[in-house]
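This briefing is for a reader who is meeting the structure for the first time. It begins with how the two sides meet and then turns to single residues.

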Amino acid sequence: MSYQELVNKLTPKENIYKNGVIAFLSGGVIGAISEILGRCFGPEMMLVIWIVLAGILTGLGVFDSIVEHFKMGVIIPITGFSHSLTSASLEYKKEGLVTGIGANCFKLAGSVILYGIISATILAGIRGVLCLL
Amino acid sequence: MIFKSFIFTGLICLIAQIIKDHTCLTSGHITSLFVSIGAFLGFLGIYDKIIAKVGYGANVVIMSFGNTLYKAAIEEGVLKMLGSVSVGIVSAVIIAFIVTLVFKVKD
């Protein structure tokens, strides 16, 4: 048996159907709660509530096991954005306020902001050209 | 609207999970991809209709970030596009900083 076969055999197989159902249900619950929060507090406060909640749960060390259980269901909503910021800065806390937290807090979340801005810029440019035609 | 939000957010997370399980993309790749898709749906004029139909469930997924950026870019100008997403970014930075100072890393 080759090494690769052994690795494949011993790597625990994740049940992709179960993962899908869990992601659907957990994402759905977040969407449904957002609807209630949004009606009570408005869309911006709704986002802030999720961001603060995810940040605190990350600090308590709970969010990593939540991600393990609920997969993409908690990553694709705004909670994932907050988690990526908080977990990156917590991880590099020991390297100091500037070279640790300052340099690394956007390590994961920066990609979302970067590609959001680049996509919006390109698409706004395309729209500008289309309007001229 | 609560049920529609449940279905919409759930479906988006399901699609993300399927991509994650069938490719070697990481969560970071997928969230970046979804932001770009959100901006593209905004470009096509679809995402605002989705928000009107679905409700706040469409606001909470990361695609909404791309849509908001695109809309601000065409309404306020490209250089001022961050204005409308600053609530999310600033609150996330503040809570990340406070949490980092207060809590220790759990091993």
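Two residues are in contact when they have heavy atoms within 4.5 Å of each other. By that rule, 61 residues of chain A are in contact with 59 residues of chain B. This is a predicted model, in which local features need pLDDT of at least 70 and side-chain atom pairs count only at pLDDT 80 or more, while totals for chains, interfaces and linings use all residues. Residues are numbered from 1 along each chain as its sequence is written, chains are lettered from A in the order in which they are written, and side-chain values use heavy atoms, with hydrogens and water left out.

**The interface of chain A and chain B**

- About 5000 Å² is buried between chain A and chain B, and carbon and sulfur atoms give 80% of that area. Buried area is the accessible area (1.4 Å probe) that two parts lose on being put together, summed over both.
- On the chain A side, A:Phe24, A:Met72 and A:Ile76 lose the most area to chain B, together 14% of what that side buries.
- The interface has 11 residue pairs in polar contact, both at pLDDT 80 or more. A polar contact is a pair of N or O atoms within 3.5 Å; within protein, one must be able to donate a hydrogen and the other to accept it, and residues adjacent in sequence count only if both atoms are side-chain atoms.
- Helices H2 (16-41), H3 (43-59), H5 (78-91), H6 (97-104) and H7 (109-132) of chain A each supply at least two residues of the side that touches chain B. The largest share, 17 residues, comes from H2(A).

**Chain B**

- Chain B has six helices and zero strands; helices (H or I, at least four residues) and strands (E, at least two) are DSSP runs, numbered from the N terminus.
- The C-alpha atoms of chain B fill a box of roughly 45 × 35 × 30 Å, taken along the principal axes.
- Of the 107 residues of chain B, 45% count as buried. Buried means under 20% relative accessible area, exposed over 50%, and partly exposed in between (1.4 Å probe, protein chains only).

**The nonpolar core**

- The largest nonpolar core has 55 residues, and those with the most contacts inside it are A:Ile76, A:Phe81, B:Ile62 and B:Phe65. Such a core is a set of buried Ala, Val, Leu, Ile, Met, Phe, Trp, Tyr and Cys residues joined through side-chain atoms within 4.5 Å.
- Leaving aside neighbours within four places in sequence, B:Phe65 is in contact with A:Val112, A:Ile113, B:Val35, B:Val85 and B:Ile89.

**Single residues**

- B:Thr100 is found in helix H6 (residues 86-102) of chain B and is buried, with a relative accessible area of 0%. A polar atom of its side chain lies 2.5 Å from the backbone oxygen of B:Ala96.
- Beyond four places in sequence, the residues that B:Thr100 touches include A:Thr86, A:Ser89 and A:Ile101.
- B:Ser5, in helix H1 (residues 2-22) of chain B, is also buried at 0% relative accessible area. Among the residues touched by B:Ser5, not counting those up to four places away in sequence, are A:Gly31, A:Glu35 and B:Tyr56.
- A:Ile117, in helix H7 of chain A, counts as partly exposed at 26% relative accessibility. With residues up to four places away in sequence not counted, A:Ile117 touches B:Leu69, B:Met81 and B:Leu82.
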